[in-house]
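Please look over the notes below before the model is used further. They concern individual residues and their contacts.

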Amino acid sequence: MQLISKTYWGGAPMNMRRAPKEFGLESLILKAQDFREHRALVWTNPKNPKPKTGVVVMHPRGDFSHHYVIPRLVEAGVAVVGGNTRNPNNDTTTVHEEIVLDVASCVALLKHRGVKNVVLIGNSGGGPLNGFYQAQARKAKGQRLAKTPGGRRTWLNDAEMIPADGLIYLSSHKGEGMIMNEIIDPSVVDETRPHLTDPDLDMYDPKNGFKIPGALDGADARWSEYAPEFVARFRAAQIERIKRIDATARAMIAENERAEALHSDPDFKKLPRERQTEILRREAFEPVITIYRTMANLHYVAQHLDPSARDYGSIFSPRPDLMNWKFFGFGRYATPHAWLSTWSGLSSFANQLHDLPQIEEPSLFINAGKDQEIFPKTDAIPMFDAIRSKDKTYVDFPNARHYFEPEFGAKDAPDVDKVMDVIVPWVLERFGV
């Protein structure tokens, strides 16, 4: 049963359709200030060997080293770092207080090479990653976050974090945790028995307003209608499920900490060998939480809740009611620390609505009108309004999708060219080459 959106059939939709006309390319292994390595490609224009402006494009887990913004920027004379974090294509262990150090090393790479102005481009989850980085980088050492949501010490107050000079939010969402708050299925009754469902909270139950599509591709799908009372109960129950998983994650961390305390006790070596081994294993143990059914946003199937030009379904599938049961989706596996730092919208510090009011640098916010994950009144407008900068611009592309990708099978991406017609002049006018 093929449920994946056609957007993904031909490869990652965020990848460039063509290379720059002329370019130099370096493949680097960068080292963050906590000594973790990550990879990046540095794209440059041979005609401009000492660029005045550079761009960093990254995502918490996605590989943006061949991102679609790169060709036009390079052709304009801008240096571009397409960076990966330390966790490419797998965010099971992603802690945002760690991966912002990977952003820091990309910014530092350009600055230390003499690039005067660095612009961060955040596409999708790259937006809150960059917003979190910038909010922390603007603070002096000693004023940054000292602890992760799970209680671990961060490196942020020891690290070189050079603030960027401008930010571009491109189909950016509010934060991975904020996304999870709105997509997690609240009808899950028991985290260990994912088939058990509370029918009164099941958005995919026709008695609650869902209209079942007749085809797997969702081609004949009709938009569902949910009563305000159901919407309110559903959203409240989503938050309650997040709270339960938060409590589970914190209990797991507490068990590790109890074992750590026993290991540190002066009498540890007096314990029987078997008891010492048990304590050491519990101290070392890092469980993984499985989060089932994370494709349950009412907006996927209910146009009336936040009207836009979007198609039915999610960016991952035209049948979210079935995809909700598959492996592919947001935040399906996470260690307790990764859950709290990245995927819990109640605990994560990577929250655009918190970070954007701290950012004063020039900001360009671009919305895709047909986006199936980011919605105008729910997401885009509140984020733009939250940006503190006096130099901020909102541009809407009413007929563009999340990655500005074309129709399935098309060789060219005209919406990418249209968005680059906005991005390139915005960068050059403010920062030059």
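This is a predicted model: local features need pLDDT of at least 70, side-chain atom pairs count only at pLDDT 80 or more; totals for chains, interfaces and linings use all residues.

1. Glu 176. This residue belongs to helix H4, which covers residues 176-183. Leaving out residues up to four places away in sequence, Glu 176 touches Pro 60, Arg 61, Asp 91, His 96, Thr 342 and Trp 343. With one of these, Arg 61, there is a polar contact between side chains at 2.4 Å. Thr 192 is 16 residues from Glu 176 in sequence, and the C-alpha atoms of the two are 23 Å apart.

2. Asn 48. Where does Asn 48 sit? Its place is the loop that runs between strand S2 (37-44) and strand S3 (53-57). A polar atom of the Asn 48 side chain lies 3.0 Å from the backbone oxygen of Val 433. Apart from neighbours within four places in sequence, Asn 48 is in contact with Gly 77 and Val 433.

3. The whole structure holds 32 salt bridges. One of them pairs Arg 18 with Glu 75, with the closest N and O atoms 2.6 Å apart. Arg 18 is in the segment before strand S1 (24-31) and Glu 75 is in helix H1 (residues 70-75), so the partners are 57 residues apart and the pair links distant parts of the chain. Arg 18 is partly exposed at 36% relative accessibility, and Glu 75 is partly exposed at 27%.

4. Glu 286 and Arg 152 form a salt bridge with an N to O distance of 3.5 Å. Glu 286 lies in the loop between helix H6 (273-284) and strand S9 (289-290), Arg 152 in the loop between helix H3 (126-137) and strand S6 (166-170), and 134 residues separate them. Both are partly exposed: Glu 286 at 39% and Arg 152 at 38%.

5. Within helix H6. Arg 275 and Glu 278 are joined by a salt bridge at 3.2 Å, N to O. Both residues lie in helix H6, three residues apart, or about one turn. Arg 275 is partly exposed at 33%, as is Glu 278 at 35%.

6. Tyr 333 is in strand S10 (residues 333-334) and is partly exposed, with a relative accessible area of 35%.

Terms used: Residues are numbered from 1 along each chain as its sequence is written. Side-chain values use heavy atoms; hydrogens and water are left out. Helices (H or I, at least four residues) and strands (E, at least two) are DSSP runs, numbered from the N terminus. Buried means under 20% relative accessible area, exposed over 50%, partly exposed in between (1.4 Å probe, protein chains only). A polar contact is a pair of N or O atoms within 3.5 Å; within protein, one must be able to donate a hydrogen and the other to accept it, and residues adjacent in sequence count only if both atoms are side-chain atoms. Contact means heavy atoms within 4.5 Å. A salt bridge is a side-chain nitrogen of Lys or Arg within 4 Å of a carboxyl oxygen of Asp or Glu.
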